[in-house]
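Q: I'd like to learn how to read a protein structure. Could we go through one together?

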Amino acid sequence: MNTAITSSGNAELAILDVAELTSDPELEARLVKAAHRILADLVRGGAALGWVEPPSRDEVAELLGHVVTAVQAGDGALRAAYLDRRLVGLGYWLRYVRPTHRPHADLEKIAVDAAAQGRGVGRALTVALIADARQVGLEVLTLDARGDNRDALRLYRSLGFTEYGRLPDFVAVGERRYDKVFYMLDFRRQG
């Protein structure tokens with residue numbers, strides 16, 4: 001079992017992996033609906049998750065299906081955060097597709113329900129995903145974030161990620177432009 005449980009206020013925060021999500025029919029059935037609610041609400045609020053408009057339920061179902069398939073093939077990790085059996089966040093990484101990049105993966109999304117932010121959910125998800133990456137022997141875990149996402153960038157730095165590049169004004173949201181910031185966690189340089 002790969003559940004990580006921590007205290008978050010008065011509730012227990014459970015960080016579940018794919019095996020746990022798919023072994024509980026109730027959680028599995030509600031995952032897409034709950035993930036869609038979180039992602040759509042965050043994007044509506046201006047979150048930097050890769051969409052300009054909130055994703056449809058079908059888009060989220062397709063995305064999660066793709067990630068679950070990758071996890072089952074050994075090419076990814078998915079974690080979901082629950083407070084009292086209510087989904088409050090999710091995140092995943094996927095291995096790079098190119099054969100020369102297979103020892104590495106990209107942390108593609110960490111999303112936490114706005115009502116649960118500031119309670120350690122994003123940190124717990126990221127820590128679990130880092131542990132998953134170490135467990136399968138990844139060499140480097142990368143990510144990119146929008147430059148104005150200061151809380152996320154601070155979190156990643158606190159967990160050992162270092163910036164390795166920046167594309168100024170690369171992310172376009174309407175007329176607004178933001179830097180795209182690249183971070184990496186190099187397991188080869190850690191004990």
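Q: How many residues does helix 3 have, and how far does helix 3 reach from its first C-alpha to its last?

A: A quick note before we start: this is a predicted model, where local features need pLDDT of at least 70, side-chain atom pairs count only at pLDDT 80 or more, and totals for chains, interfaces and linings use all residues. Residues are numbered from 1 along each chain as its sequence is written, and side-chain values use heavy atoms, with hydrogens and water left out. Helices (H or I, at least four residues) and strands (E, at least two) are DSSP runs, numbered from the N terminus. The expected span of a helix is 1.5 Å times one less than its number of residues. Helix 3, residues 57-72, has 16 residues and reaches 22 Å, close to the 22 Å expected.

Q: Which residues of helix 3 are buried, and which are exposed?

A: Buried means under 20% relative accessible area, exposed over 50%, and partly exposed in between (1.4 Å probe, protein chains only). In helix 3, V60, L63, L64, V67, V68 and A70 are buried. They sit on the same side of helix 3 because they cover an arc of only 160 degrees around the axis, taking the directions from the helix axis to the C-beta atoms. Over on the other side, D58, E62, T69 and Q72 are exposed.

Q: What covers the buried residues of helix 3?

A: Here we look for contact, meaning heavy atoms within 4.5 Å. The cover includes helix 1 (18-23), helix 2 (25-44) and strands 3, 4 and 5.

Q: Which residues touch the most other members of the largest nonpolar core?

A: In soluble globular proteins, nonpolar side chains tend to be buried together. A nonpolar core is a set of buried Ala, Val, Leu, Ile, Met, Phe, Trp, Tyr and Cys residues joined through side-chain atoms within 4.5 Å. The largest one here has 34 residues, and L13, W93, L107, V121, L141, Y156 and F161 touch the most other members. Helix 4 gives the most to this core, with 7 residues. Apart from it lies another core, of 28 residues, among them A14 and L16.

Q: Where is T126, and is T126 buried or exposed?

A: You'll find T126 in helix 4, buried with a relative accessible area of 0%. Leaving out residues up to four places away in sequence, T126 touches L107, I110, L155, Y156, L159 and F161.

Q: Where is H101 found?

A: Look in the loop between strand 4 and strand 5. H101 counts as partly exposed, at 28% relative accessibility.
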